[in-house]
Every structure is written in C-alpha cells, then in structure tokens.
Amino acid sequence: MDILYIGSCGSTDPVKAALPFHLAVNGSAARGDRPSIALAGDATDLLLGEAAESLEPLGLPPMRELVAKAVELEVPVYV
C-alpha cells in the first residue's frame, strides 16, 4: 500500500517533527508498505544544517537515525 505522511512541524516541536519519519520507517516500511513523506511549512527547516542532527524527540529515536533509515530504505521525501 502507498502511504503519504505529511509533516508541518519543525524543530520547535521535536516529537511532531519526527513523527512522520518514525511512522514511515518504523511503521509502514517495516510492514512492507511504500511510504513517502511530504514536508511543508516549518517542517522544511529539518533539511537545513544541524536541525535534523540535533533533534532528540521524547520517546522516539533521534531524528538523525530516522533520516538515515529513511535514506537506507529509499523513502521519498517531498518539499
């Protein structure tokens, strides 16, 4: 199944920012679906510099691990 996760929260809310990546790589892709992620608004700051490197959401893996896994699994990210 094709699934699109949409993120609109940036680094000011780490949990909401990481949630689309977590659901895509540890949820959908892990069960064999074809996830993709669309970033809009404040979420686009996750692509700049240290934002993704330093983000540590409470209760979720660090953003750098989620992004690395998304790259490894070839999950498309749209801006």
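**A quick tour**

Guide: Start with Glu74. Glu74 sits in the loop between helix H3 (63–72) and strand S3 (77–78). Keep in mind that this is a predicted model.

Visitor: OK. Is Glu74 buried or exposed?
Guide: Exposed, because its relative accessible area is 68% and the cut-off for exposed is over 50%.

Visitor: What about its phi?
Guide: Glu74 has a positive phi of about 60°, although it is not a glycine. Most residues other than glycine have a negative phi.

Visitor: New topic. What order do the strands of the sheet have?
Guide: The order is S1-S2-S3. It is an open sheet of three strands, with parallel pairing.

Visitor: Which strands stand at the edges?
Guide: S1 and S3. Each has a single partner strand, so one side of each has no neighbour in the sheet.

Visitor: How many bridges join S1 to S2?
Guide: Six, and the two strands run parallel. S2 covers residues 34–39. One of its residues, Leu39, is the bridge partner of Gly7.

Visitor: Which helix lies across the strands?
Guide: Helix H1, residues 14–28. H1 lies across S1, S2 and S3, at about 155° to S1.

Visitor: Back to S1. Where is Ile6?
Guide: Ile6 is in S1, which spans residues 2–7. Ile6 counts as exposed because its relative accessibility is 62%.

Visitor: Which residues form a nonpolar patch with Ile6?
Guide: Leu4 and Tyr78. Together the three have about 340 Å² of accessible area on the surface.

Methods. Residues numbered from 1 in each chain as written. Predicted model: local features only at pLDDT ≥ 70, side-chain atom pairs only at ≥ 80, totals over all residues. Heavy atoms only, no water. Patch = residues over 30% accessible without salt bridge, like charges linked within 9 Å, V, L, I, M, F, W, Y side chains within 5 Å. Areas by Shrake-Rupley, 256 points an atom, 1.4 Å probe, with all protein chains shown as cover. Salt bridge = Lys/Arg side-chain N within 4 Å of Asp/Glu carboxyl O. Helix = DSSP H or I, 4+ residues; strand = E, 2+ residues; numbered from the N terminus. Buried < 20%, exposed > 50% of the residue type's maximum accessible area, 1.4 Å probe, protein only. Pairing = 2+ DSSP bridges. Contact = heavy atoms within 4.5 Å. Axes fitted to C-alpha atoms, helices over the stretch in contact; angles between N-to-C directions.
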